[in-house]
Amino acid sequence: MARLLLLFLPGLVAISAVHGIFMDRLASRKLCADDECVYTISLARAQEDYSAPDCRFINVKKGQWIYVYSKLVKEKEAGEFWAGSVYGDQPEDEMGTVGYFPSNLVQEQHVYQEATKEVPTTMQVILERAPCHKERNQHNIS
């Protein structure tokens, strides 16, 4: 039985690597300052560290500045997430990387524009097995 399992295990790994990983959409709607969600809504400051659970999210360190571009409309029991990019003084701060983070992690310091446009989020994402930065560049995560 163990030999049979060892024979099939590489095949199962290969199949999952080819087909990618299916990830559920966090919300079906989001609030933005404009129809394309490209204008900055606000500037927020992280109140604590946050480690991203997958490639849709960004790592944040306490004290970092985050430009907020969209705010997901909370659905059911889901957490409330915003999308933005980290701004920091060091290259390892992942500057310019856009991703989600919990809204209760930050405190808005300056609101540039009100998030009044409610738009649908993009389709559900299938992430290929590759480094996180490639998925962010290939897929619209918001």
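In the predicted model, Ala83 stands opposite Tyr100 in strand S6. Strands S5 (residues 81–87) and S6 are joined by five bridges and run antiparallel; two strands are taken to pair if DSSP finds at least two bridges between them. S6 itself spans residues 98–102 and is mostly covered, with four of its five residues buried. Buried here means a relative accessible area under 20%, exposed means over 50%, and partly exposed lies in between (1.4 Å probe, protein chains only). Helices (H or I, at least four residues) and strands (E, at least two) are DSSP runs, numbered from the N terminus.

The model is predicted, so that local features need pLDDT of at least 70 and side-chain atom pairs count only at pLDDT 80 or more, whereas totals for chains, interfaces and linings use all residues. Residues are numbered from 1 along each chain as its sequence is written, and side-chain values use heavy atoms, with hydrogens and water left out.

Strand S3 has pairing partners in S4 and in S7. S3 and S4 run antiparallel and are joined by four bridges, with Arg45 opposite Trp65 in S4. S3 and S7 also run antiparallel, through five bridges, and Leu43 stands opposite His110 in S7. S3 is largely enclosed by the rest of the structure, because four of its five residues are buried. In a regular strand the side chains alternate between the two faces of the sheet.

The loop between S3 (42–46) and S4 (65–72) contains Asp54. Asp54 counts as buried because its relative accessible area is 18%. From its side chain, Asp54 reaches the backbone nitrogen of Arg56 at 2.9 Å. A polar contact of this kind is a pair of N or O atoms within 3.5 Å; within protein, one must be able to donate a hydrogen and the other to accept it, and residues adjacent in sequence count only if both atoms are side-chain atoms.

One disulfide is present in the structure, the criterion being a pair of cysteine sulfur atoms within 2.5 Å. The disulfide is formed by Cys32 and Cys37, with a distance of 1.7 Å between their sulfur atoms. The link of Cys32 and Cys37 is right-handed, with 75° about the S-S bond. Cys32 counts as buried because its relative accessibility is 0%; Cys37, at 10% relative accessibility, is buried as well.

Cys32 belongs to strand S2 (residues 29–32). Contact (heavy atoms within 4.5 Å) is made by Cys32, beyond its neighbours within four places in sequence, with Cys37, Ile41, Tyr69, Ser70, Glu114, Ala115, Thr116, Lys117 and Val119.

Lys117 lies in strand S8 (residues 117–120). Lys117 is classed as partly exposed because its relative accessible area is 36%. When residues up to four places away in sequence are not counted, Lys117 touches Lys30, Leu31, Cys32, Ala33, Asp34 and Asp35. The C-alpha atoms of Lys117 and Leu31 are 5.4 Å apart, although the two residues are separated by 86 residues in sequence.

Over the protein chain, two helices and nine strands are assigned, and their order from the N terminus is α-β-β-β-β-β-β-β-β-β-α. The chain has 142 residues, of which 37% count as buried. Among contacts with a separation of 6 or more, 65% are between residues 24 or more positions apart. The accessible surface of the chain comes to about 9,100 Å², with 55% belonging to carbon and sulfur atoms; the areas come from the Shrake-Rupley method with a 1.4 Å probe, and for residues only the protein chains shown count as cover.

Confidence is given as pLDDT, the predictor's confidence in each residue, from 0 to 100. The protein chain has a mean pLDDT of 75, and 62% of its residues reach 70 or more.
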